[in-house]
Amino acid sequence: MSIGNEDKPTGTSLQFADLMENISKLETFRKKGKACRLEVINDSGTAGQDASATFRGRKVIRVEPRGNFLRRLIAFLSPTRSAREQRAREREAEVLLHDQVLQALSDRKLDKQVVRRLVGDVASGIIPGFSRSERQGIRGKVLNPVPDSESMQTMLSEAEQGMKAFPRLTKSIPAVSLYDTREAIKGYYTTLLLAPERIPESSRLHRDIWQLEKHFNDTRQPGGYEDLVNDVIQEIVHSFPERLSQDEYSELISSWHDFPSRYRYSPLSKLLAQISFNVTRPEPSFTGHPRDLVQAKSYRFLQAISGNPTLAALYDLARADGRLKRQLDQDMAQVRVELDRLSAEVTQLDVDTIRERLKAGEELTKEEGQLIAESRRVLLDIQLTAGRRWDLNMLSLPEHWRGEQGYLNKLLKIQEVGTLRGQEIDLAQLDWLIKQHDDAKNHPRVAIEGAGPTGLTLALSQFEVGANVSVFEKRSTEYDRVQVVRLDPKWMGMLKFYLGEHYYELFGEGEEGKGVVRPDGFGEIVIHRLEEALHDRLTELMARNYHQTSDTDEPPSLERMAAFELEEIEPGVEGYKIRARYNPAYDVAGQGKAEHKTPEESVKHRPVDMLICAGGNNSSLRKKYMRTYTVTPEKPYGVCSWEGKKGEELPNQGLNTFQDFREMVVFNKGFHQHFRKQLQEELLFLQEPDDAIDDAIDDAIKSAVISRDLAKLERLTRDKGVQTRCFENKNLVYIGMELPEPFDRYCKKLEAKIRQKVLASLMFGSDAINLEEANKRAKKKAKESLKLVHKAWFQAVAHYYGIDQPDSLGATSDKINQKFVSAFPVEQNRTDKNVITKQAHGHNLVVTAAGDAAVSPHFMTASGLTGAREHILHLQNFTQKTAKETDSFDPALHQAELEAKHKRTAEYIVGRGRVLLRR
């Protein structure tokens with residue numbers, strides 16, 4: 001019960017009992033609509049009086065009703081001495097009551113409900129004697145006493161600075177990206193957690209937050225916004241134990257159950273909901289993003305607030321803790337299984353000494369090499385299983401391993417082993433992979449169509465579990481793709497394991513790295529750089545494997561065939577064979593040798609038990625053997641890359657032009673002005689005409705671009721915004737974006753107009769040609785001309801971001817790689833059934849697909865190659881089981897499981913893109 005209502009107050013209650021009695025009288029008079037006055041009864045404390053109850057030697061002990069309005073007016077205006085003395089006593093009484101209230105509010109032991117009651121009465125004017133400014137400021141100053149500390153005040157000052165951006169942000173919509181809002185949102189939720197009184201229910205900030213949320217929904221980024229908010233709240237809460245003393249942290253937690261506003265429950269509810277979802281999600285995280293994992297800091301936070309009975313009851317934390325422990329026990333059982341694969345000798349490895357030996361150029365013993373390689377594999381397996389739900393720091397907490405010190409020692413040791421680097425480590429791991437392959441019970445023959453990142457990683461992972469692998473790729477090994485991919489943390493863990501030192505060539509620090517690892521653990525790299533590294537590692541493995549098996553007459557158990565296109569699968573008495581044909585036109589690296597190849601060398605046959613189609617969405621054999629269907633509507637998109645010619649590369653070595661790969665571009669007046677200017681420049685630099693016909697064609701193209709159409713385009717898109725996908729690597733910027741539908745319609749209309757004008761020039765020129773040839777040439781010219789429009793559009797995007805400026809990246813139009821500027825329709829497709837089996841002459845064949853051949857991700861999402869990575873792991877598990885459990889390849893044992901996993905992966909990938917392709 002609150003102070004003032006107790007029958008026998010004691011301690012702090014006794015000190016303020018008289019005060020609260022008078023407050024109750026003031027509240028009663030106010031409730032009845034009656035006026036009242038304060039009376040100072042005695043000039044000094046009476047004998048035996050509690051000295052702590054007196055203020056300035058006097059005591060306010062009585063609240064009296066005032067007379068009617070006329071009497072009050074007369075008393076207020078009366079010049080008599082008694083009237084003046086009465087008014088002075090009332091003013092003095094108000095001052096004394098003012099002091100009493102402030103002293104009560106400064107007492108930390110006072111019940112918080114009483115504090116709230118006093119503050120409310122001051123703010124509403126029930127308690128007289130407080131100025132307007134005092135009433136306005138008292139809530140933030142005294143209701144929440146925790147921010148008195150210097151560290152709290154520093155955090156609130158930082159939050160206030162962040163929140164100052166809200167008016168600018170809301171005014172700038174739709175030109176606001178997720179990254180732009182981070183500090184403002186962080187300030188908002190920091191204040192709600194530390195001093196919620198500073199953001200009352202009526203605050204405009206709540207509306208600003210709603211406007212930003214609506215903006216990101218309108219620009220198809222609802223998931224990105226939700227992720228940002230969860231990241232920010234998690235960051236704030238995790239910082240409290242680091243920035244506050246233990247007493248401050250405890251007092252802050254105890255204050256949270258007093259939040260009087262629904263907004264003030266928001267950050268805690270969001271964080272606890274995210275932690276709960278991470279614990280209980282049906283499928284562990286696909287990407288391994290830190291926000292998707294239960295972190296050790298989150299676990300400590302749960303422990304801290306569970307000690308508060310009110311919060312524990314409010315959020316049902318006992319039940320949440322039970323779910324967490326049950327799931328943790330279940331997943332730790334899998335960790336034990338993985339650690340049991342390692343002998344106890346691993347804990348005896350002196351990693352620091354080994355590191356020094358490697359620096360000195362010493363060799364590892366065979367036993368050390370095998371143990372290190374096995375440790376790295378076990379660490380990866382933990383990251384890919386339990387590590388999809390719990391971060392390693394959480395799994396490594398000693399309290400989870402009570403009585404199981406041996407397991408904890410192994411877990412800590414393999415993390416330490418994972419830091420070892422060097423050529424000896426690389427060679428040891430190659431030898432370990434070969435041993436794993438050779439130890440398999442049988443060796444299913446696997447053919448892989450496609451040698452992109454998916455196909456090459458498939459080759460390494462399939463060989464590891466026992467398959468004899470042939471990789472076919474119609475491209476040359478010198479094929480160049482400048483698209484930038486964003487690889488999730490689980491991809492990065494796999495690459496670190498398989499690539500060895502090549503991983504650090506890609507993602508090393510400073511000048512060493514060709515790509516970048518972002519703070520969230522995602523990596524970004526140009527595809528052909530990734531392919532180079534995987535190709536080099538596969539070549540090293542093939543060479544070492546061939547050296548160890550060169551005395552046998554059997555074909556190599558691991559091979560890669562460039563410029564060979566798979567044509568057909570042929571059944572036979574001895575089993576199925578794959579047929580591939582060499583095409584010298586594809587072989588840039590070996591064109592000089594192509595003319596010497598005999599017809600027999602042009603076709604290769606290889607026995608096959610499983611064909612994996614990993615040649616992308618246009619995989620020829622996938623189209624032949626598997627049915628696909630469209631699952632999302634079509635929308636226009638475009639891409640462009642700036643890199644410059646050799647010797648004139650972009651000067652971007654920092655890889656930090658774009659803080660987030662999601663940016664916004666608004667088609668404002670400046671954007672359209674630059675687009676028109678750039679388009680005119682592109683038209684001026686049409687290829688020099690060789691003859692009169694070419695001259696007439698160029699004039700026809702220029703005449704098709706008219707200002708009226710451009711003005712209409714500006715009117716239809718003016719001040720509308722869309723998100724872009726901005727990636728960068730050294731000497732490269734790559735931007736993709738949804739194209740506004742008015743621009744798409746303009747381009748289609750322009751293409752048709754150019755085609756007609758060019759056709760007319762060709763048919764009625766002095767050197768007229770036949771209709772078929774004229775149509776063909778007109779169509780080609782129209783498409784070439786449209787590329788000029790796309791270049792001008794993307795150059796306007798570059799100008800909008802300022803990356804075309806000399807003091808930035810100098811990404812001007814001449815730096816555009818013309819092969820990689822295009823517009824195209826985007827839709828998502830997936831296989832109807834992803835695992836097909838065939839039988840002939842008593843032999844089995846499995847045909848399956850991986851990566852884009854199985855399900856096409858939306859290139860604007862961060863999922864990228866996530867689906868491909870999942871396919872790689874599912875197929876590795878499938879091959880491992882069939883190679884280990886049977887004497888011959890029998891896919892029926894695990895076919896249904898493989899199909900179910902592929903289906904779940906497809907649903908995830910399609911779901912990620914569907915939001916971007918909604919109407």
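**Entry 1: nonpolar cores**

I began with the largest nonpolar core, which has 79 residues. I took such a core as a set of buried Ala, Val, Leu, Ile, Met, Phe, Trp, Tyr and Cys residues joined through side-chain atoms within 4.5 Å, with buried meaning under 20% relative accessible area for a 1.4 Å probe, protein chains only. Tyr 188, Phe 240, Trp 256, Phe 301, Trp 390, Met 394 and Leu 395 have the most contacts inside this core.

The model is predicted: local features need pLDDT of at least 70, side-chain atom pairs count only at pLDDT 80 or more, and totals for chains, interfaces and linings use all residues. Residues are numbered from 1 along each chain as its sequence is written, and side-chain values use heavy atoms, with hydrogens and water left out.

I then looked up Phe 301, counting as contact heavy atoms within 4.5 Å. Leaving aside residues up to four places away in sequence, Phe 301 touches Val 237, Tyr 249, Trp 256, Leu 268, Leu 271 and Leu 272. I also noted a second, separate core of 54 residues, which includes Val 835, Leu 865, Ala 868 and Ile 872.

**Entry 2: helices α9 and α11**

I took helices (H or I, at least four residues) and strands (E, at least two) as DSSP runs, numbered from the N terminus. Axes are lines fitted to C-alpha atoms, for helices over the stretch in contact, and angles run from 0 to 180 degrees between N-to-C directions. Helix α9 (residues 178-194) packs against helix α11 (residues 222-243) at about 45 degrees, with the axes 9 Å apart.

**Entry 3: the three-stranded sheet**

I found an open, antiparallel sheet in the order β5-β7-β6, where pairing requires at least two DSSP bridges between two strands. Strands β5 (484-487) and β6 (516-517) each have a single partner, so one side of each lacks a neighbour in the sheet. Helix α23 (residues 489-499) packs on this sheet and touches β5, β6 and β7, its direction making about 95 degrees with that of β5. Four bridges join β5 to β7 (residues 523-526), and Val 484 has Val 526 as its bridge partner in β7.

**Entry 4: the six-stranded sheet**

I recorded an open sheet of mixed pairing in the order β8-β4-β3-β12-β21-β20. Its edge strands are β8 (558-562) and β20 (835-840). Strands β3 (residues 445-449) and β12 (residues 610-613) pair in the parallel sense over four bridges, and Ile 448 stands opposite Ile 612 in β12.

Notes:
Buried < 20%, exposed > 50% of the residue type's maximum accessible area, 1.4 Å probe, protein only.
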